[in-house]
Amino acid sequence: MPRSCREVNSEYDSAVRVVLIVMHHPPVADVQTVRLVDHNARQNEQSLAEYLGKAAAHSTARFVVSAGHIHNYERFAQDGVMYLVSGGGGATPYDLDRTAADLYQNTDFPNYHYVRFELRSGTLKGEMIRLEDYAAARPKQWKSRDRFEISLRP
């Protein structure tokens, strides 16, 4: 890891416009106070979020962090970084309490889903696509439930 945030730009080619970080434990998530308190962001991931926030301020690239661990969907924009919790791939779903910082406030449950990214010109588009008929014998109805765009720096 670079010793300082200013060194981030020297770590990759200046043509890089998006850095996608995929990990298991999320650095940013809805803080749980009643249920699933053992799934709150841990100190080492919180430190990564602090580092990325500083790095984003000095970088030409945009940062997107996608993590699982929490079996649901959450989305946050913090310090110039987009954080996704995308843990709805099929394991036992977790019902959670959403905080005001969560940009996804839909209360549908469970959220079996996937996130689709599309990079076009100066924009990264993201879309959470949720399985709607999850209880059907042969589920097959998918619906876009969240969309976001990140403007890329030239």
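**View 1. Strands β5, β6 and β7 form an open sheet of 3 strands, in the order β5-β6-β7.** The pairing is antiparallel. Two strands count as paired if DSSP finds at least two bridges between them. Strands are DSSP runs of E, at least two residues long, and helices are runs of H or I, at least four long; both are numbered from the N terminus. The edge strands are β5 and β7 (142-151), and each pairs on one side only. From one strand to the next, the twist averages 20 degrees. Such angles run from 0 to 180 degrees between the N-to-C directions of axes, which are lines fitted to C-alpha atoms.

The model is predicted: local features need pLDDT of at least 70, side-chain atom pairs count only at pLDDT 80 or more, and totals for chains, interfaces and linings use all residues. Residues are numbered from 1 along each chain as its sequence is written, and side-chain values use heavy atoms, with hydrogens and water left out.

**View 2. Strands β5 and β6 form a hairpin.** Strand β5 covers residues 113-120, and β6 covers residues 123-131. Their antiparallel pairing runs over 8 bridges. V115 has M128 of β6 as its bridge partner. R120 stands opposite T123 in β6. The hairpin has 2 residues between its strands. In the turn, S121 has a positive phi of about 45 degrees.

**View 3. S144 lies in strand β7.** S144 counts as partly exposed because its relative accessibility is 26%. Buried means under 20% relative accessible area, exposed means over 50%, and partly exposed is in between (1.4 Å probe, protein chains only). S144 touches E127, M128 and I129, not counting residues up to four places away in sequence. Contact here means heavy atoms within 4.5 Å. The S144 side chain makes a polar contact of 2.7 Å with the side chain of E127. Another polar contact, of 3.4 Å, joins the side chains of S144 and R147. A polar contact is a pair of N or O atoms within 3.5 Å; within protein, one must be able to donate a hydrogen and the other to accept it, and residues adjacent in sequence count only if both atoms are side-chain atoms.

**View 4. Helix α2 spans residues 43-58.** Its buried residues include L48, Y51 and L52.

Key
Expected span 1.5 Å × (residues − 1).
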